[in-house]
Amino acid sequence: MVAIQLFNEIGSIFRNTPTFALVLETLLVITVIWLLLHRRGGGRRRQLTKEEEDRIIADYEPEPLVADTDPNHPLLHTRVVQSKVGKRIKVDGHDCLNLGSHNYLGFLEDQEILEEACKSLRKYGVGSCGPRGFYGTMDVHLDLEDRIAKFMGLEEAIVYSYGFSTVASAIPAYAKRGDLIFVDEAVNFAIQKGLDASRSTIVFFKHNDVEDLERLLIEQEKRDQKNPKKAAKTRRFLVAEGIYMNTGEICPLPELVALRQKYKLRLFIDESISFGTLGQGGHGVTEHFNVDRDEVDLISAGMEGSMATVGGFCVGSHFIAEHQRLSGLGYIFSASLPPMLTQAAISALDRFEREPQIFEQLQAKSKTLHAKFLRFSKLTLRGDELSPVKHLYLAQPAENFDKELKLLTELADKCIAQGVAVVQAAYLQNRERQPVRPSIRIAVNRLLESADIDNAFEVIESVSSSVL
């Protein structure tokens, strides 16, 4: 009876199944059987003799693990620093004025900050040995986050242990696949990696060109009108830098804020250079333009420049910081900032609040150097006069990228030999969003004297005239 019932059920299945499905299933079964038989038959191979195996092994030439490297590659001929980094630095045996280190306020040689960091070292040890979410959070981390939030006049801050990972983690913590991000084409490499990780649709606008940005926003608005359901679900972001690392130019923040309000964008600003350098109190590009910081959804900054330490932070509303504690990959999976370097950042903030005149001093030195370096006969200067980061380019471009880079490298080497440490800006050209023209990147230090700037100008002018 069971067999008859099973036969009837199978017959019912065949009667109710479309013919094309039965044919397809039959073909699949035949294909699987053929593959099994073919594999079994293909496994009968002739057994090699010992002599044949030895000959094959002897003739085998493995592919090299590393391809042939150009012996003249710049990374194989690095400059060696033989002293503490400060206003002056010893490079390859030459005592030089340092125009290459991002030590804008001169805190790398500040004795008070050094002593506070040493006290922290004796109390906590070298490192935290764990991420913040496990056993890496110490009281100094909480103190620093509280101090940054109060200094910026915002609700909350979150501290990362590596400056590069700060904005590279913050962007994908909010922007996801299907979102839309409008980005200045000159943004730094860390922002570019954050954009890649977000998997969002990226729209680049011309550098500091607000009109081009609005043109793209209008085009997007027209597309949204054709598909309002999709538009209602699409979040839109606007990403820029306070001062652009690749150009030394300040972003037009008031115009960006106006477009943010008009087109309902979320605005992210990376202030790795502008924090601690712009504004009367060093609060950055928002203070420089007198823009309410609540108009910016997220402010991020690396602490390697003006604060003489490492790491970075994001500051904004409570939601902005709290969300990153669960979604910021650089925060979740990285060991926390070493306590002594955290204390160095706190001590730097103490100086910010106690001696606000240091920002005016830095801006005055940036203006002085800018005015002087505009006079080069063989080089052209790019960057805002208030920016501590500036770029020198060949006045007459070379025939190709490699030739231009080679000339700038030779220029930097000869300047170092004559007592002025400058360095050509380094880029991953095959990874950058667009090719970046080779340049000498100048970093201004608050401790520079007028005589130092004059001497640097004379050396660079002399060397560039001989090389170019």
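Q: What covers the buried residues of helix 15?
A: This is a predicted model. In it, the cover over the buried residues of helix 15 includes helix 14 (339–354) and helix 17 (450–467), along with strand 10 (379–382), strand 11 (389–394) and strand 14 (440–443).

Q: And which residues of helix 15 are buried?
A: Ile358, Phe359, Leu362, Gln363, Ser366, Leu369, His370, Lys372 and Phe373.

Q: What span should helix 15 have, and how far apart are its end C-alpha atoms?
A: Helix 15 covers residues 357–373, which is 17 residues. At 1.5 Å a residue it should span 24 Å, and the end C-alpha atoms are 24 Å apart, so the two agree.

Q: Parallel or antiparallel for strand 4 and strand 5?
A: Parallel: strand 4 (residues 180–184) is joined to strand 5 (residues 201–205) by five bridges. Among the bridge partners, Val183 goes with Phe204 and Asp184 with Phe205.

Q: Which helix makes a β-α-β unit with strand 4 and strand 5?
A: Helix 7 (residues 189–198), and the unit is right-handed.

Q: Now strand 9. How many of its residues are buried?
A: Five of the five, so strand 9 is largely enclosed by the rest of the structure.

Q: Which ones point which way?
A: Gly312, Cys314 and Gly316 point one way from strand 9, while Phe313 and Val315 point the other way. Side chains in a regular strand alternate between the two faces of the sheet.

Q: How does strand 9 run against strand 3?
A: Antiparallel, with five bridges joining the two. Tyr160 is opposite Gly312 of strand 9.

Q: And against strand 8?
A: Strand 8 and strand 9 also run antiparallel, joined by four bridges. Here Ser300 is opposite Cys314 of strand 9.

Terms used: Residues are numbered from 1 along each chain as its sequence is written. This is a predicted model: local features need pLDDT of at least 70, side-chain atom pairs count only at pLDDT 80 or more; totals for chains, interfaces and linings use all residues. Side-chain values use heavy atoms; hydrogens and water are left out. The expected span of a helix is 1.5 Å times one less than its number of residues. Buried means under 20% relative accessible area, exposed over 50%, partly exposed in between (1.4 Å probe, protein chains only). Contact means heavy atoms within 4.5 Å. Two strands pair if DSSP finds at least two bridges between them. A crossover is right-handed if, with the strands pointing away from the viewer, the path from the first strand over the helix to the second runs clockwise.
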